[in-house]
Amino acid sequence: MANEPSAASPGAHPLLVPSIAASQFTVPFMVSAVAVALPPIGADLHAGANTLSLVETLYLAGNVAVLLPAGRLADAGSKASLYKFGLLGFALLTLLVSFSTSVPVLLSLRFMQGAAAAFVAVAGPALIVGAVAPERRGRALGTVVGAIYAGLTLGPVCAGFLIDAFGWRAVFVADAAVVLAAYGLARIVLPRGWRAPGARAVHLPSCALVVAATLLLTLGPSNLRTPALGYALIAAGLATAFVFVLLQRRLAQPLLDVGLLASNAQLRRALLVQWLLYCNAFSSSFMLAIYMQVTLGNAAKVSGQVLALGSVLMAAVAPFAGALADRYPPRAVAACGVGVVLVSALLAISFDADSSLVAVGVMLAVQGLGFALFSSPNMTMIMGSVPRDRASTASSFAAKARMLGMLSGMIITAIAISLGIGSAPVSADPLAFLPVMTAVFVALALLSLAALAISLSARRA
């Protein structure tokens, strides 16, 4: 491959695209590794089922809450500086998580971890768009998506070995070291200097509203065993979100460009499908990690290896899917991916106490293939639906839809756990987890079916 021309533009560092791809590997590595670490975290910190769901959900909440402000800052300031800031912050917070000795500290750090990851998620694809010619953008984005899935692949495998050898804290120490290395590489290949955003680039009251709404909607479902508290938090979160959207229509520089979404049908449909489909992503890993370790009684190492199967296919197929999106209509390729993910959710509904790891592996492989076929083409549609000067906004929308989907899936999971198990440890009654898991996968299948219907209607439009 030495003679292949660089994908970067002449003014960019020739290693810019590979560097961003390598950096994008680190955050999903952490995401997938934590899924395997949840049972030992619960045993060490005496955390029940509700708390374990918050370990994942609050990370997603921090990410969702900060994505829109991060997108505005990236448009108004230096994308490269924000990208490096996000990597460094994520590394330091990950290291601090490894020293957590109480549940409140752990949950607070996880929320901040997600917030730091938002800067990486927003600025990375925008830097790619600025460095790669349009005719090669699908392949470049496919390479980045492939790196993300490589992180998802190695995360559970490495976590399983680290947990069995050194305990759950080693997972966070190892990822902090990897992210710091990625930060060092980013400092070499990305431009230096800081372009300060304007004084009103980010509307602070809007930031406060979106953070409050996200936290309320995250904490509410975990407290449904106390209906007065749980439903009050959810109602307050919905009201805060409504006020946030109303406020955005009145601002000259809103965090959420409601007008862009209303006027751009292609962008709107692609984001909606991404939101619905990504409800499967985080929730599936969370449920299956507990299912394999607690209900089926497998070691963390074995669970991690099985969870990696889907990510292996994602990493292998994502660049190919990106190249397909350069040759064929991206919406057709993406729609095929949606259908395959739907099949995986239907397979998971049948799991019980006698299911084999082979069945779980097949389901994860099918899901991985579906996400690989969907992700790169859908990102190509999103980034290609807006002018180049709105690339950061489109990137933040894409990341927002993806993370909002993951958060929505975990909120569904939290509701099922809160109503079905509550704060009791999952290990206290492993079989009680099965109906909860089945209910979650039924909901995920219905959401995937809705995503498929929207994708097919877009093809006819």
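Among contacts in the protein between residues at least 6 apart in sequence, 86% join residues at least 24 apart, where contact means heavy atoms within 4.5 Å. The structure is a predicted model, in which local features need pLDDT of at least 70 and side-chain atom pairs count only at pLDDT 80 or more, while totals for chains, interfaces and linings use all residues. Residues are numbered from 1 along each chain as its sequence is written, and side-chain values use heavy atoms, with hydrogens and water left out.

The protein holds 16 helices and zero strands; helices (H or I, at least four residues) and strands (E, at least two) are DSSP runs, numbered from the N terminus. Of its 461 residues, 59% count as buried. Here buried means under 20% relative accessible area, exposed over 50%, and partly exposed in between, with a 1.4 Å probe and protein chains only.

The axes of α1 and helix α3 (residues 79-97) come within 12 Å and cross at roughly 35°. Axes are lines fitted to C-alpha atoms, for helices over the stretch in contact, and angles run from 0 to 180 degrees between N-to-C directions. The crossing of α1 past α3 is left-handed, a term used if the near helix is turned anticlockwise from the far one by less than a right angle, with right-handed used if clockwise. On the α1 side the contact is made by I20, S23, Q24, T26, V27 and M30, and on the α3 side by Y83, L87, F90 and T94. Sorted by class, this contact has six nonpolar, four polar and no charged residues. In this scheme Ala, Val, Leu, Ile, Met, Phe, Trp, Tyr, Cys and Pro count as nonpolar, Asp, Glu, Lys and Arg as charged, and the others, Gly among them, as polar.

Helices α1 and α11 pack at an angle of about 35°, with their axes 9 Å apart, and their crossing is right-handed. Here α1 contributes V31, A35, V36, L38, P39 and P40, while α11 contributes F282, S285, F286, A289 and Q293. The class count for α1 with α11 is nine nonpolar, two polar and no charged residues.

Leaving aside residues up to four places away in sequence, M437 touches M287, L288, Y291 and F351.

A search of the whole structure finds five aromatic pairs. Rings of Phe, Tyr and Trp (its six-membered ring) pair if their centres lie within 6.5 Å; planes under 30 degrees apart count as stacked, over 60 as edge-to-face and the rest as tilted. W168 and F172 form an edge-to-face pair, at 5.9 Å centre to centre and 90° between the planes, and both W168 and F172 are buried. The ring centres of Y278 and F374 are 6.4 Å apart and their planes lie at 55°, so this pair is tilted. It links distant parts of the chain, 96 residues apart: Y278 is in the loop between α10 (265-277) and α11 (279-295), and F374 is in helix α14 (residues 357-384). Y278 and F374 are both buried, and ring pairs link Y278, F371 and F374 into a cluster.

Three single residues complete the picture. G160, in helix α5 (residues 134-166), counts as buried because its relative accessibility is 0%. Its C-alpha atom is separated by 3.6 Å from that of K301, although G160 and K301 are 141 residues apart along the chain. Not counting residues up to four places away in sequence, G160 touches V36, A300 and K301. S98 lies in the loop between α3 and α4 and is buried, with a relative accessible area of 5%. With the exclusion of residues up to four places away in sequence, S98 touches R169, F172 and V173. H46, in the loop between α1 and α2 (49-76), is exposed, with a relative accessible area of 71%. Most residues other than glycine have a negative phi. H46 has a positive phi of about 55° although it is not a glycine.
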